[in-house]
Amino acid sequence: MKFDSKCQEDNYYMKKALELAKLGIGFVNPNPLVGCVIVKDGKIIGQGYHMKYGQAHAEVNAINSVTEDIEGATVYVTLEPCSHYGKTPPCADNLVRHKVGRVVICNVDTNPLVGGKGIKKLKENGIEVTTGVLEEEGLKINEVFFHYINKKIPLIVSKTAISMDGKIATKHMESQWISNEKSRQMTHEFRNKYMAIMVGINTVLKDNPSLTTRIENRKTRNPIRIVVDTSLKIPIDSNLVQDQKAKTIVFTCNNDLEKINCLKEKGVDIYIAPKLDGKVDLNFIVEKLGELKIDSVLVEGGATLNDSLFRNNLVDKVKIFMAPKIIGGKEAPSFVSGEGIEKLSDATNLKIQNITMIDEDVLIEADVIK
């Protein structure tokens, strides 16, 4: 394929590398999504991506896929090659050993263990390096990784389905289904993408959910299930306790040893948390999840949990499915409950990133401005 410029050529092959990187969604957390394309004499001779946490990196898979010598080739990789020994050897060393001629990088790795060291090693060994190709696209794909590696806490994404007047249920707490089937299927895509899913105990008691991922004809991952349960009300016979398809973690303030031991026998992890305003301290939860290497959390809780998360400024992103329905009623719950703010200057401000039609529903995706 002929290109009018080197920039156009770099963009073309990096786009292919980014598409490869996406194939790792749901399987590499808390590692980044990485794709790699090897080009020699104007043709792709190898490609690969990081397929699963703890397994070979994208560069290794790409090198293993080639059927000819890659000396002098150009390597397109979406993230700076690692320069340290982790679960796998350094990819930068591997590229040096194979005497590639040029490495084109989408994003520099902000992980302190890498942080430019991979690029430095490549340059010291006479390899030409170009960075920042399709940089914004790479940052978007790896927003979870960059948030976690820089802040040491998970990215918190609040997801909900509401009517056009902002209700999540009727006054009799009927909520199934406000959104349409395609919107609900997209929720399962989110569950596969983010490492954990969080609900409050009221959701468990009301709906007895399983919180698993269900996508037809696709290999998926079930998220780690997190329950915020101040008084340890979670029933032993609930799906989250009995269903062993995914790990369940309960954060509570109740040190009921008999029930705790019973839950632990079922494989549930229990963490005793401090109280804040009479409830589990959510700041403690977020910090603990970071320590557990959980890089992202999809919140599917009700109005009470949402209120606590927003009041503590813990939400990073919002995904709202708005259905063309009017529910009405002052007793019908809204997306966020509580006493609310007194002044508009205290409101949580959002920056809308995307608005997408999902049949008749509208998906609004926004970042919380902090």
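Two strands count as paired if DSSP finds at least two bridges between them. Keep that in mind for the sheet I will describe. The structure on the screen is a predicted model.

The sheet first. Nine strands form an open sheet with mixed pairing, in the order β10-β9-β8-β7-β13-β6-β14-β16-β15. At its edges are β10, residues 269-272, and β15, residues 350-358, and each of these pairs on one side only. From one strand to the next, the twist averages 20°. As a reminder, strands of a sheet pair through backbone hydrogen bonds, either parallel or antiparallel.

Take one pair from that order. Strand β6, residues 155-163, and strand β14, residues 317-323, run parallel and are joined by seven bridges. One of the residues to look for is Ser163, whose bridge partner in β14 is Ala323.

Now the helices around the sheet. Helix α11 covers residues 282-291 and lies across β6, β7, β8, β9, β10 and β13. The angle between α11 and β9 is about 145°.

Which residues of helix α6 are buried? They are Val144, Phe145, Phe146, His147, Tyr148 and Ile149, in a helix that spans residues 143-151. Their cover includes β3, β4, α5, β6, α11 and β13. Just after α6 comes Lys152, with a positive phi of about 65°.

Is Leu282 buried or exposed? Its relative accessibility is 4%, and because buried means under 20%, Leu282 counts as buried. Leaving out residues up to four places away in sequence, Leu282 touches Val228, Leu305, Ser308, Leu309, Asn312 and Leu314. For a sense of distance, the C-alpha atoms of Leu282 and Gly54 are separated by 30 Å, and the two residues are 228 apart along the chain.

Last, the whole chain. There are 12 helices and 16 strands. The C-alpha atoms fill a box of roughly 70 × 45 × 45 Å along the principal axes. A compact globule of 370 residues would have a radius of gyration near 21 Å, so the chain's 23 Å agrees with that. Of the 370 residues, 49% count as buried. Among contacts with a separation of 6 or more, 70% come from residues 24 or more positions apart. The accessible surface is about 18,400 Å², and carbon and sulfur atoms hold 50% of that.

How values were computed
Residues are numbered from 1 along each chain as its sequence is written. This is a predicted model: local features need pLDDT of at least 70, side-chain atom pairs count only at pLDDT 80 or more; totals for chains, interfaces and linings use all residues. Side-chain values use heavy atoms; hydrogens and water are left out. Helices (H or I, at least four residues) and strands (E, at least two) are DSSP runs, numbered from the N terminus. Axes are lines fitted to C-alpha atoms, for helices over the stretch in contact, and angles run from 0 to 180 degrees between N-to-C directions. Contact means heavy atoms within 4.5 Å. Buried means under 20% relative accessible area, exposed over 50%, partly exposed in between (1.4 Å probe, protein chains only). The radius of gyration is taken over C-alpha atoms; the globule rule is 2.2 Å times the number of residues to the power 0.38. Accessible areas come from the Shrake-Rupley method with a 1.4 Å probe; for residues, only the protein chains shown count as cover.
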